[in-house]
Amino acid sequence: MKVYEKAPAKINLLLDVLRKREDGYHDVEMVMTMVDLADRLEMEELPRDTIIISSQAGYIPLDEKNLAFQAAKLIKERYEVKQGVYIHLDKKIPVAAGLAGGSSDAAATLRGLNRLWRLGISDEELQRLGAELGSDVPFCVTGGTAIARGRGEKLETIENPPQCWVVLAKPPINVSTADVYGRLRAQHIQEHPSLARMLQAIQGQDFHTLCESLGNVLEDVTLPMHPEVQQLKETMEKLGAEGVLMSGSGPTVFGLVSKESKIARIYNGLRGFCKEVYAVRMLS
Ligand SMILES: C[C@@](CO)(OP(=O)(O)O)[C@H](O)COP(=O)(O)OP(=O)(O)OC[C@H]1O[C@@H](n2ccc(N)nc2=O)[C@H](O)[C@@H]1O
Ligand SMILES: Nc1ncnc2c1ncn2[C@@H]1O[C@H](COP(=O)(O)OP(=O)(O)O)[C@@H](O)[C@H]1O
């Protein structure tokens, strides 16, 4: 038997860091939502007790370092599943981009194997398992739009933001999430974004205020390290995106656009800068 799952990318509409914790993680306050750019997973049961991962993408690990592998291993161990699984990952989400591609693959694996092996695991339990794999995995289990607190695993589902286009551009540089959090110092944070204002904008389906209330304190670390990300933000703004922000720890920059007629200009203008540009819808 085979099951299929879509693993969409996330963007952080708001990302605030409240404090560094004893365990090395940071307490955050984020508003996360999904966009229509997704990896596709195919999972097939194997009679042998083994996990095999394949992918058309040559640049991700296919062994136990792969988050889909880790998710399959975790569920097999925890639920004493003796059968194995073959997982094919059709990667579409850029890797190490701040779009949670690996986390979403892990979450899709948890959902898929729950169905394949008829384990009857609740969403809440899948989220708890996901938290063992990474801070963004619990959100990716259920998706939608949510406020994430703690290290990202404490979730409160909220209404979706007003529907719009999202242009994503990933410059060809590598950013490590651990390194960005590691370099963040409270005194360097220029301005904390207002969660209250963003929630008001979402509740009122007010696109203009949503764009004005975007904010990510990790920009204070990544932008000075990589001036090309700042340049990309400015270019996107000049081309007409109404709200522009770096997603997660970067380096991907996203622009919110209300009118389809603006997309071609922004997309084509960015392609001069970056190979990896996508124009997608917000998933709601
Ligand atoms: C910044 C964010 C925003 O959504 O996304 P990305 O840029 O990775 O997409 C997340 O907080 C990333 O979540 P995720 O990528 O799952 O991180 P994890 O694997 O749990 O942690 C990687 C490393 O980041 C740091 N880390 C992560 C989360 C957190 N709340 N505080 C931290 O300090 C820790 O040093 C940890 O060792
Ligand atoms: N299924 C996967 N897809 C992408 N990257 C993966 C996967 N499993 C493990 N990785 C590794 O995880 C790291 C972060 O990848 P990714 O989840 O795409 O980044 P981000 O959290 O910044 O969006 C990469 O270095 C990559 O090698």
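## Helix 2 and the ligand 2 shell

Helix 2 contributes the most to the shell around ligand 2, giving 4 residues. Helices here are DSSP runs (H or I, at least four residues), strands are E runs of at least two, and both are numbered from the N terminus. The model is predicted: local features need pLDDT of at least 70, side-chain atom pairs count only at pLDDT 80 or more, and totals for chains, interfaces and linings use all residues. Residues are numbered from 1 along each chain as its sequence is written, while chains are lettered from A and ligands numbered from 1 in the order written.

The ligand 2 shell has 19 residues, with Asn66, Leu67, Gly101, Gly102 and Asp105 coming nearest. Helix 1 (67-78) and helix 2 (101-116) are the elements that give two or more residues to it. A residue is near a molecule if its C-beta atom, placed from the backbone, lies within 6 Å of it. By class, the ligand 2 shell holds 10 nonpolar, 7 polar and 2 charged residues. Nonpolar means Ala, Val, Leu, Ile, Met, Phe, Trp, Tyr, Cys and Pro; charged means Asp, Glu, Lys and Arg; the others, Gly among them, are polar.

## Ligand 1

Ligand 1 is surrounded by 20 residues, of which Gly134, Ser135, Arg151, Gly248 and Ser249 are the closest. Strand 1 (2-20), strand 2 (26-46) and helix 5 (177-183) each give two or more residues to this shell. Its classes are 7 nonpolar, 11 polar and 2 charged.

Domain 1 (2-158) and domain 2 (165-281) each supply at least three residues to the ligand 1 shell. The domain bounds come from an automatic or database assignment.
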